[in-house]
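This briefing concerns the fold, the charged side chains and the loops of one protein model. Please consult the sequence and the structure shown here while reading.

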Amino acid sequence: MEIKIGIQNVGREIVFESAETPDAVAELVSRAMNGGAELRLKDSKGRMVIIPSNVLGYVEIGAEETRRVGFGAL
């Protein structure tokens with residue numbers, strides 16, 4: 001699933017793939033925003049992304065999508 005994170009006063013967004021479920025990511029974002037702590041997420045390769053919650057602009061959580069195989073247009 002693709003996650004996009006917008007940072008205040010920064011022109012580029014952080015985009016990465018995660019193996020987490022959309023509900024789990026939403027819960028982590030909610031906890032970070034309400035608790036004032038940092039947002040910690042792991043990408044699909046096991047790397048950790050840490051963002052202070054006071055600079056978060058938005059978090060866009062993509063839908064889980066199964067990967068297609070082949071060249072056919074469906």
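A residue is called buried under 20% relative accessible area, exposed over 50%, and partly exposed in between (1.4 Å probe, protein chains only). Helices (H or I, at least four residues) and strands (E, at least two) are DSSP runs, numbered from the N terminus. The model is predicted, so that local features need pLDDT of at least 70 and side-chain atom pairs count only at pLDDT 80 or more, while totals for chains, interfaces and linings use all residues. Residues are numbered from 1 along each chain as its sequence is written, and side-chain values use heavy atoms, with hydrogens and water left out.

**Overall fold**

- The protein chain contains 1 helix and 5 strands, and their order along the sequence is β-β-α-β-β-β.
- Of the 74 residues in the protein chain, 24% are buried.

- Strand 1 (2–7) and strand 2 (14–17) run antiparallel and are joined by 4 bridges; two strands count as paired if DSSP finds at least two bridges between them.
- Within this pairing, I5 has I14 in strand 2 as its bridge partner.
- The two strands form a hairpin with 6 residues between them.
- N9 lies in the loop between strand 1 and strand 2, and its phi is near 60°, a positive value in a residue other than glycine.
- N9 counts as exposed, because its relative accessibility is 83%.
- The C-alpha atoms of N9 and G57 are 8.7 Å apart in space, although 48 residues separate the two in sequence.

- Strand 3 (residues 38–42) has L39 and L41 on its covered face, whereas E38, R40 and K42 belong to the uncovered one.
- In a regular strand the side chains alternate between the two faces of the sheet.
- Strand 3 pairs with strand 4 (residues 48–52) in the antiparallel sense over 5 bridges, and R40 stands opposite I50 in strand 4.
- These strands form a hairpin with 5 residues between them, and G46 in the turn has a positive phi of about 90°.
- S44 is located in the loop between strand 3 and strand 4; S44 is partly exposed, because its relative accessible area is 49%.
- S44 and E20 are 24 residues apart along the chain, with their C-alpha atoms separated by 8.3 Å.

**Salt bridges**

- The whole structure holds 3 salt bridges, a salt bridge being a side-chain nitrogen of Lys or Arg within 4 Å of a carboxyl oxygen of Asp or Glu.
- The side chains of E27 and R31 form a salt bridge at 3.4 Å, N to O.
- E27 and R31 are separated by about one helical turn, because they are 4 residues apart in helix 1 (residues 22–35).
- E27 is partly exposed, with a relative accessible area of 41%, whereas R31 counts as exposed at 53% relative accessibility.
- R40 and E38 form a salt bridge in which the closest N and O atoms are 2.9 Å apart.
- R40 is partly exposed, with a relative accessible area of 45%, and E38 counts as partly exposed at 35% relative accessibility.
- R47 and D43 form a salt bridge in which the closest N and O atoms are 2.8 Å apart.
- D43 counts as buried, because its relative accessibility is 11%.

**Surface charge**

- E2, E13, E17 and E60 form a patch of negative charge on the surface.
- Patches are made of residues with over 30% relative accessible area and no salt bridge; like charges are joined within 9 Å, and nonpolar side chains (Val, Leu, Ile, Met, Phe, Trp, Tyr) within 5 Å.
- Lys and Arg count as positive and Asp and Glu as negative, while His and the chain ends are not counted; a charge is placed at NZ of Lys, CZ of Arg, CG of Asp or CD of Glu.
- E13 is found in the loop between strand 1 and strand 2, and E13 is partly exposed, with a relative accessible area of 34%.

How values were computed: Areas by Shrake-Rupley, 256 points an atom, 1.4 Å probe, with all protein chains shown as cover.
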